[in-house]
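Here's a quick briefing to read alongside the model. Have the viewer open and click along as you go.

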Amino acid sequence: MKDSESPARSLTRAHYERFPFVQGGQRRVRHWTSRLRPFLSDEVVRDAVVLDVGCGSGEVARGLADRGARIVAVDLTSTAVKRTRAALQAGLVCQADALRLPLASHSVDHSVSIGVLHHTPDCFAGLREMARVTKPAGSIVVMLYARWTPYHALYLLTAGLRRRFPVAVLDRVPRWCWHVVRAAVAVQVGQRLADNQLKGLVADQIFTPRATFHSAREIRRWAADLHLSVFKRKHLLMHGNIVELRHGRTTL
Ligand SMILES: C[S@@+](CC[C@H](N)C(=O)[O-])C[C@H]1O[C@@H](n2cnc3c(N)ncnc32)[C@H](O)[C@@H]1O
C-alpha cells in the first residue's frame with residue numbers, strides 16, 4: 001500500500017508508526033466499553049460482525065470482543081495491526097486505509113471508528129466507506145472532534161509549535177518535563193501515564209499531521225447526503241461528539 005500512497009496519507013502513516021497512539025490497557029478498554037454501550041448494547045453486539053476503523057491499540061475492539069462481537073479491524077499502520085492482533089484472541093485485523101476499505105458492500109453488521117476520520121484528508125469519504133460496508137440494518141458509530149471545545153482551542157493555540165518543531169522533538173524532551181505533563185494529564189484522565197504513553201498522547205493531540213473539527217450540523221448534512229440519519233449523539237465536553245448513524249430516515 002506504500003507505493004501509490006498520497007503524501008497526506010504517507011505523512012499520517014509515518015507519524016503513527018513512529019508514535020503509535022497511547023495504550024491505556026484494561027482501564028481504557030472499560031472506558032470505551034461503557035461509552036459505546038448506549039450506542040451498541042450487549043444484545044446488539046453479541047455474535048455480530050463489528051468493524052473497527054483505525055483500531056490503534058486495539059482497546060476499543062477488545063471491549064467489543066469481550067461482549068461477544070466478531071471483530072474485523074483495520075488501521076493505516078503495521079504497529080496498530082500488531083497491537084490489535086495482540087489485544088484480541090480472534091478476529092480479522094489488517095493494514096488498510098479508512099478511505100478505501102478492503103471489504104465488500106454490506107459485509108459487516110455494525111461499524112465503529114473512534115477518533116480516526118478527522119485525521120484523514122476526507123472525513124466525509126471515510127463515513128461513506130463505513131456506510132457502504134455496513135448492512136442496511138446496522139449502526140455506524142463514530143467519534144469525531146468538535147469545534148469550540150477545550151481541545152479545539154488547544155489545537156489552535158499550538159499551531160506555532162507544530163510549525164516550528166517536528167514530532168521527533170518529543171524524543172529530546174527532558175525527563176523532568178514529562179513529570180510535569182504527567183501530573184497535568186492525570187488530572188484530566190484520572191490515570192498517571194508512563195513516559196511513552198505520554199509521548200503517544202502528546203504526539204496524537206498536539207503533533208498529529210492533520211486534525212479537523214466538525215459541528216453536529218455538518219455531520220447531519222453529511223448523513224443526509226449519504227442517505228443516513230443521525231440516530232443518537234453524545235457530546236463529549238472536552239473534545240467531540242460520538243454519533244450513531246443509521247441507513248434511511250430513522251431520526252429519533
Ligand atoms: C487517535 S488514534 C485512535 C485509535 C483507536 N481508534 C482508539 O481509540 O484507540 C488514530 C488511529 O487512526 C489511524 N489512522 C489514521 N488515518 C487512518 C486512515 N486513513 N486509515 C486507517 N487508519 C488511520 C492511526 O494509525 C491511529 O492508529
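## Around the ligand

A polar side-chain atom of Asp75 sits 2.6 Å from an oxygen atom of the ligand. Taken alone, the ligand exposes 590 Å², and the protein buries 97% of that (accessible areas come from the Shrake-Rupley method with a 1.4 Å probe, and for residues only the protein chains shown count as cover). Before you go further, note that this is a predicted model: local features need pLDDT of at least 70, side-chain atom pairs count only at pLDDT 80 or more, and totals for chains, interfaces and linings use all residues. Residues are numbered from 1 along each chain as its sequence is written, and side-chain values use heavy atoms, with hydrogens and water left out.

**Ligand shell**

- Which residues are closest to the ligand? They are Arg28, Gly54, Asp75, Ala98 and Ile114, out of 20 residues that surround the ligand (a residue counts as near if one of its heavy atoms lies within 4 Å).
- Ala98 brings a backbone N or O atom to 2.8 Å from a nitrogen atom of the ligand.
- Ile114 also has a backbone N or O atom 2.8 Å from a nitrogen atom of the ligand.
- Sorted by class, the shell comes out as nine nonpolar, seven polar and four charged residues (Ala, Val, Leu, Ile, Met, Phe, Trp, Tyr, Cys and Pro count as nonpolar, Asp, Glu, Lys and Arg as charged, and the others, Gly among them, as polar).

**The cavity**

- Rolling a probe the size of a water molecule over the atoms shows where empty space is left.
- Searching the whole structure turns up one cavity of 30 Å³ or more (on a 1 Å grid over the protein atoms alone, a cavity is a set of points where a 1.4 Å probe fits but cannot get out, and lining residues have an atom within 4 Å of a point).
- The volume of the largest cavity is about 30 Å³ (grid points are joined across faces, edges and corners, and the volume is the space filled by probe spheres set on the points).
- Its lining is made of Val29, Trp32, Thr33, Leu36, Val60, Gly63, Leu64 and Arg67, which divide into five nonpolar, two polar and one charged.
- Helix H2 (25-36) and helix H4 (59-66) each supply at least two residues of that lining (helices are DSSP runs of H or I with at least four residues, strands are runs of E with at least two, and both are numbered from the N terminus).
- H2 gives the most to the lining, with four residues.

- Asp47 is not a glycine, yet its phi is positive, at about 65°.
- You'll find Asp47 in the loop between helix H3 (42-45) and strand S1 (49-53).
- Is Asp47 buried or exposed? Asp47 is exposed, with a relative accessible area of 54% (buried means under 20%, exposed over 50%, and partly exposed in between, using a 1.4 Å probe and protein chains only).
- Trp148, another residue other than glycine, has a positive phi near 60°.
- The loop between strand S5 (139-145) and helix H7 (150-157) holds Trp148, and Trp148 is exposed at a relative accessible area of 74%.

**Buried spots worth a click**

- Asp97 is in the loop between strand S3 (92-95) and strand S4 (110-114), and Asp97 is buried, with a relative accessible area of 13%.
- The side chain of Asp97 makes a polar contact with the side chain of Arg9 at 3.0 Å (a polar contact is a pair of N or O atoms within 3.5 Å; within protein, one must be able to donate a hydrogen and the other to accept it, and residues adjacent in sequence count only if both atoms are side-chain atoms).
- Ser113 lies in strand S4 and is buried, with a relative accessible area of 0%.

Technical notes: 1 Å grid on protein atoms, 1.4 Å probe; cavity = no way out; pocket = protein on both sides within 12 Å on 5 of 7 lines; lining within 4 Å.
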